[in-house]
Amino acid sequence: MNQADLTARCLDAALSVILEKETELAYLDSVAGDGDHGAGMARGFRAVVASGAGSSTAGEVLAKAGMAFSNAAGGSSGALVGMYLMTLGMNLSGEITRAAQLHTALLKAQEAVMKLGKSQAGDKTLLDTLVPFTTAYGEAASAGASLTAAWLSALGAARAGMESTRDMISKRGRSAVLKERSLGTQDPGATSVYYVLQAAGDVLQSHCPQ
Ligand SMILES: [Mg+2]
C-alpha cells in the first residue's frame, strides 16, 4: 500500500474510533464545557474522510485533511486539530523513508498548536497527549526504531499524558468556576487525540509492520 493510501486508512480509523467514543467525549466535555467535543470531532473527521481522494503523498492527504477538519469541526478544538493536521502535512514532502522525518513534522505541528492555542503541556489540553507522544516517538526514532515501532512505543507516553490531565485544572476554560470543575475529569481533547493516535497505530501495525 502506498503512503497516501496508508495515511487515508489512518484517518478512516480515526473517524471510526471517534464515532465509537463520541458519547464518552461529550460527557468529558460536559463536566466543565459545553459538551460538544464528541460531535465536533465526529464532524471534523467525517469531512476529512470525505476529502480523501486524489492525493499522491501522505503530506498532501494530511494537508487536505487539516483544511477539511478546520472548516467542518468548528470551535477551538476544530481549529487546533485542523492546524495540527495541516502543519503535519505541509512538513512531509514526498516519500517518508526515515522515522526521523515524521518526528520533525510532528514537532512543527505541535509548535503550531502551541502558538495558535497559546498553551503548552500542563494546561489540560490536547498538548498533554501530543507532547509526550512526540518526545517518546523522537527518542525511539533516534535509537533506530522504524516509524511503526516508534509510533507504537510512544503510545504509552501519550496515554500517561492523557491520564495526567485528570489531576489538572484547566487554564483554558471560560470561567474560574468551570476551570475548577474540570479537576478530576480527563481533558476531552487530550482523550480524543489519544484515541486517534492509537487507531493510527493499529493501522500502521497491520499494514506497515516494522
Ligand atoms: Mg466544547
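The following legends describe close-up views of a predicted model.

**View 1. Packing of helix α1 against helix α9.** The axes of α1 (residues 3-32) and α9 (residues 188-207) approach within 8 Å and cross at roughly 150°. Because angles over 145 degrees count as roughly antiparallel, α1 is assigned as roughly antiparallel to α9. The crossing of α1 past α9 is right-handed. On the α1 side, the contact is formed by Leu6, Arg9, Cys10, Ala13, Ala14, Ser16, Val17, Ile18, Lys21, Leu25, Leu28 and Asp29. The α9 side contributes Pro188, Thr191, Ser192, Tyr195, Val196, Ala199, Ala200, Asp202, Val203 and His207. Sorted by class, the contact of α1 with α9 comprises 14 nonpolar, four polar and four charged residues.

**View 2. Oblique packing of helix α6 on helix α9.** The axes of α6 (residues 127-142) and α9 come within 7 Å of each other, with a crossing angle of roughly 40°. The two helices, α6 and α9, are therefore classed as oblique to each other. Asp128, Thr129, Leu130 and Phe133 of α6 meet Ala190, Val193, Tyr194 and Leu197 of α9. By class, six nonpolar residues, one polar and one charged make up the contact of α6 with α9.

**View 3. Span and burial of helix α9.** The 20 residues of α9 should span 28 Å at 1.5 Å a residue, and the distance of 29 Å between its end C-alpha atoms agrees with this. Helix α9 is mostly covered, with 14 of its 20 residues buried.

**View 4. Helix α4 and its buried residues.** Helix α4 (residues 75-90) contains 16 residues and extends 23 Å from its first C-alpha to its last, close to the 22 Å expected at 1.5 Å a residue. Its buried residues are Ser77, Gly78, Leu80, Val81, Gly82, Tyr84, Leu85, Met86, Thr87, Leu88 and Gly89. These buried residues of α4 pack against α2, α3, α5 (99-117) and α9.

**View 5. Surroundings of serine 55.** Serine 55 lies in the loop between α2 (37-50) and α3 (58-73). Because 19 C-beta neighbours lie inside 10 Å, serine 55 counts as partly exposed; a residue is classed as buried if 20 or more are present. Leaving aside residues up to four places away in sequence, serine 55 touches Ala4, Glu60, Val61 and Lys64. The C-alpha atom of serine 55 is separated by 9.4 Å from that of alanine 8, although the two residues are 47 residues apart along the chain.

Conventions:
Residues are numbered from 1 along each chain as its sequence is written. This is a predicted model: local features need pLDDT of at least 70, side-chain atom pairs count only at pLDDT 80 or more; totals for chains, interfaces and linings use all residues. Helices (H or I, at least four residues) and strands (E, at least two) are DSSP runs, numbered from the N terminus. A residue is buried if 20 or more other C-beta atoms lie within 10 Å of its own, exposed if 12 or fewer, and partly exposed in between; C-beta atoms are placed from the backbone. Two residues are in contact if their C-beta atoms, placed from the backbone, lie within 7 Å. Axes are lines fitted to C-alpha atoms, for helices over the stretch in contact, and angles run from 0 to 180 degrees between N-to-C directions. Angles under 35 degrees count as roughly parallel, over 145 as roughly antiparallel, 65 to 115 as roughly perpendicular and the rest as oblique. A crossing is left-handed if the near helix is turned anticlockwise from the far one by less than a right angle, and right-handed if clockwise. Ala, Val, Leu, Ile, Met, Phe, Trp, Tyr, Cys and Pro count as nonpolar, Asp, Glu, Lys and Arg as charged, and the others, Gly among them, as polar. The expected span of a helix is 1.5 Å times one less than its number of residues.
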